[in-house]
Amino acid sequence: MGERVTSLDVARLAGVSRSAVSRAFTPGASVSKGTAAKVRAAAEQLGYRPNVLARSLLTGRSRVIGLVVAYLDGHFYPGVVEKLSNAFQAEGYHVLIFMASRDAGNLDQVAREMMDYQVDALVLASVEMTSDITRQCRDTGVPVILFNRRQEQAGELAVVSDNQQGGRLVAAHFAALGRRRIGYIAGLDSASTQRDREAGFVAGLEEAGLRLHARASGAFRPDQARDATVEMFGRADRPDAVFVASDAMALAVMDTLRFELGLNVPGDVAVAGFDDVPIAGWPSYRLTSVRQDVDGMVADTVRLTIARVEGRPEPAPLPRPVTLSVRVSTTG
């Protein structure tokens with residue numbers, strides 16, 4: 001096996017200094033296009049690859065963002081992970097993905113593992129911060145950004161949608177359709193997204209002179225949403241409309257209503273979800289759903305994360321506005 005090619009070899013071939021080679025492979029560093037082109041050409045010819053880990057020891061920056069997600073079996077977060085990874089990569093950062101359990105029971109262990117990789121920041125998607133993580137990150141100076149969650153802690157950095165407004169939009173829509181026996185299938189009660197969506201929905205019903213007729217929990221799990229549907233619609237006074245806290249659950253609810261309970265959607269019951277994932281628009285569902293501005297949320301997250309990594313003050317953004325995508329599942 002031949003000797004490993006070094007940055008000095010590249011510098012000699014390109015006719016530049018070793019520091020110029022380092023700058024050429026450091027995103028955001030000052031280097032002319034001509035010098036960068038010569039360095040890249042020499043590196044390609046020699047088969048040189050920069051040692052990112054060694055550079056991180058010198059700079060104190062790994063340019064790696066730790067992304068923690070609790071589940072990818074829904075329809076919302078896989079797209080989010082892809083968008084976040086692409087957006088960070090466009091800024092010269094890379095994403096290291098770690099999986100936490102749904103109930104965040106192993107989150108502290110996951111956080112400790114991530115610290116071992118010298119990540120520049122943590123982005124927590126669909127999971128909550130614990131006091132242990134808060135302490136670890138504060139002690140090591142690692143910024144933490146919550147994506148699609150908030151915990152109302154002092155100084156927290158959270159990127160969210162206006163979930164309460166989304167709930168209000170669905171309530172107003174059901175009221176305008178003349179629906180009166182209105183149900184709600186909740187997500188995980190510990191999640192701020194769930195609490196805000198329900199609070200907005202209940203407030204919206206009250207504004208329309210209505211009240212919640214039935215409630216059950218699906219905990220953001222399609223299988224539990226199915227069980228909640230069977231329970232809610234097995235009664236004589238079943239709802240004539242139901243708002244479901246996520247599309248992943250709403251799709252399961254629709255299948256249960258139509259294929260297990262023999263009910264017509266929307267004739268017997270109007271169904272609305274939240275997230276407006278791509279499958280919601282498929283002909284077999286055509287689900288009315290609250291659309292989150294995912295691209296805007298991703299852009300806010302990347303901007304906020306990089307600012308904190310670079311030590312620049314950047315306030316947490318305001319909640320992103322939402323809209324209601326009205327489809328056949330409510331209007332027929």
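S192 counts as buried, because its relative accessibility is 1%; buried means under 20% relative accessible area, exposed over 50%, and partly exposed in between, with a 1.4 Å probe and protein chains only. The residue is found in helix α9, residues 192–207. Leave aside its neighbours within four places in sequence, and S192 is in contact with R149 and R150. Contact here means heavy atoms within 4.5 Å.

This is a predicted model, in which local features need pLDDT of at least 70 and side-chain atom pairs count only at pLDDT 80 or more, while totals for chains, interfaces and linings use all residues. Residues are numbered from 1 along each chain as its sequence is written, and side-chain values use heavy atoms, without hydrogens and water. Helices (H or I, at least four residues) and strands (E, at least two) are DSSP runs, numbered from the N terminus.

Now turn to the sheet. It is open, has 5 strands in the order β2-β1-β3-β4-β5, and its pairing is parallel. Two strands pair if DSSP finds at least two bridges between them. β2 (94–99) and β5 (157–159) stand at the edges, each with a single partner strand, so one side of each has no neighbour in the sheet. On average, neighbouring strands are turned by 25° against each other, direction ignored.

Helix α5 (residues 77–90) packs on this sheet and touches β1 (64–69), β2, β3 (121–125) and β4. Its direction makes about 150° with that of β2. Such angles run from 0 to 180 degrees between N-to-C directions, and axes are lines fitted to C-alpha atoms, for helices over the stretch in contact.

Look next at β1. Of its 6 residues, 6 are buried. Both faces are covered: V64, G66 and V68 lie on one side, and I65, L67 and V69 on the other. β1 runs parallel to β2, joined by 6 bridges. V64 stands opposite H94 in β2.

At the other end, β4 (residues 144–147) pairs with β5 over 3 bridges, again in the parallel sense. F147 has V159 of β5 as its bridge partner.

Helix α10 (residues 222–232) packs against helix α11 (residues 247–260) at about 45°, with axes 8 Å apart. The two are therefore oblique to each other; angles under 35 degrees count as roughly parallel, over 145 as roughly antiparallel, 65 to 115 as roughly perpendicular and the rest as oblique. Residues making the contact include P222 and R226 of α10 and M249 and E260 of α11.
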